[in-house]
Amino acid sequence: MTIAAIIVAAGRGTRAGGDLPKQWQPLRGQAVVMHSLQTFATLPQIKRIVLVLHPDDLERARALVPASVTLVTGGASRDQSVRNALEALTDQAISRVLIHDGARPLVTHDLITRVIDALSTAQAAAPALPITDALWRGENMAVTGTAPRDGLWRAQTPQGFDFETILQAHRSHHTTDGQAADDVEVARAAGVDVRIVQGDERNIKVTWPGDFARAAEVLQRDAMDIRTGNGFDVHRFCAGDHVWLCGVKIPYARGLDGHSDADVGMHALTDAIYGALAEGDIGRHFPPSDPQWKGADSQIFLKHAVDRVAARGFVISNVDVTLICEQPKIGPHAAAMCAALAQIMGLEIGRISVKATTSERLGFTGREEGIAALATATIVSA
Ligand code: MG
């Protein structure tokens, strides 16, 4: 099957409010019609895309739409617009065509694939959802009657067809009773059977001003990406008179041995952030074999990890560090450590936790041979 998609965006719909036709109004940073266009363009089965537009929108579209998309101007009616797009595809050896309403920005690959799959055994297939609400007639905000909902469906797009079949149906369609509501109506007028495939509640048609907010919410949920990383580090005690822990200098009878300043808490935290990004660890970004990091301030490592979070389009949601040692006592310094990390990371202090535990005098931390640190970091797509 060589499949083409036609995205119909030639209407001047103004019920949605605003100065621009609804398909060109912004939705989470790009025009409504661009969302579904990208969804079709990223499905490998779709070999050609035609965008049908109003002549007034041609210039706008040329600036936004990839050159691989064919632009066709629409006609006086929806039928005529689709017909123009079909005629533009006649020399492209297309076997199936999907016709989609440009005002449905939330269409998914799953839904498109369901329609394509149905076309392997049907001449026409379109998504729909059964009506579950009761149906009334009403006038002047009063109920004047009820209607049975049995067998009623809410039609969606993309509607899929054998290419020759829908081309001939459109060529022979006469709009004596006003234009067809959709291409299924055109197909049925030509005697074509249409199979119903399962629609999708999220595939709404942006019609009223409130629909933009609903669509934006769905897109935001789609984009939400939450990741967690953990870090672990150990440094042994050596001769000295202070240790650096989470950016705070603590006077102590010994020091911590390490290539850098040996801030074990900050190292674990930095590794947790790299872990959330799946970008390795401190050693990968700052090799211990490189003499320039000898005695380095560990803030350099932490700041680098924090910058990588921003560069990857995330924000840090929270971090949690646990220091494991018998001595020095961490409690009196924990608030200062949170404040120091907050400043280094540019993060509000309520999102930073530093706490401590002992290992009940067991193991190397129990024998006071060194300090261990664990950390967790959670990052969220911005
Ligand atoms: Mg370390």
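**Metal site, pockets and cysteines**

Both D233 and H267 are buried, where buried means under 20% relative accessible area, exposed over 50%, and partly exposed in between, with a 1.4 Å probe and protein chains only. The model is predicted, so local features need pLDDT of at least 70 and side-chain atom pairs count only at pLDDT 80 or more, while totals for chains, interfaces and linings use all residues. Residues are numbered from 1 along each chain as its sequence is written, and side-chain values use heavy atoms, with hydrogens and water left out.

D233 and H267 belong to the magnesium site. The ion is coordinated by D233 (OD), H235 (NE2) and H267 (ND1), at 2.1 to 2.2 Å. Donors here are N, O and S atoms within 2.8 Å of the metal (3.2 Å for Na, K and Ca); water is not among the atoms, so sites may look incomplete. Along the chain the donors follow the spacing D-x1-H-x31-H. D233 in strand β13 and H267 in helix α8 are 34 residues apart, a pair that links distant parts of the chain. Helices (H or I, at least four residues) and strands (E, at least two) are DSSP runs, numbered from the N terminus.

A pocket is found on a 1 Å grid over the protein atoms alone, as an open set of points where a 1.4 Å probe fits, with protein on both sides within 12 Å along at least five of seven lines; lining residues have an atom within 4 Å of a point.

The largest pocket holds about 610 Å³ of space. Of its 31 lining residues, V8, G11, R78, D101 and K205 lie nearest the centre. β1 (3-9) and α3 (78-88) each supply at least two residues of that lining.

The cysteines remain. A search of the whole structure finds 0 disulfides, a disulfide being a pair of cysteine sulfur atoms within 2.5 Å. For C238, the nearest cysteine sulfur is that of C325, 15 Å away. C238 counts as partly exposed because its relative accessibility is 26%. For C338, the nearest cysteine sulfur is that of C246, 7.9 Å away. C338 counts as buried because its relative accessibility is 11%.

Notes
Points joined across faces, edges and corners; volume = space filled by probe spheres on them.
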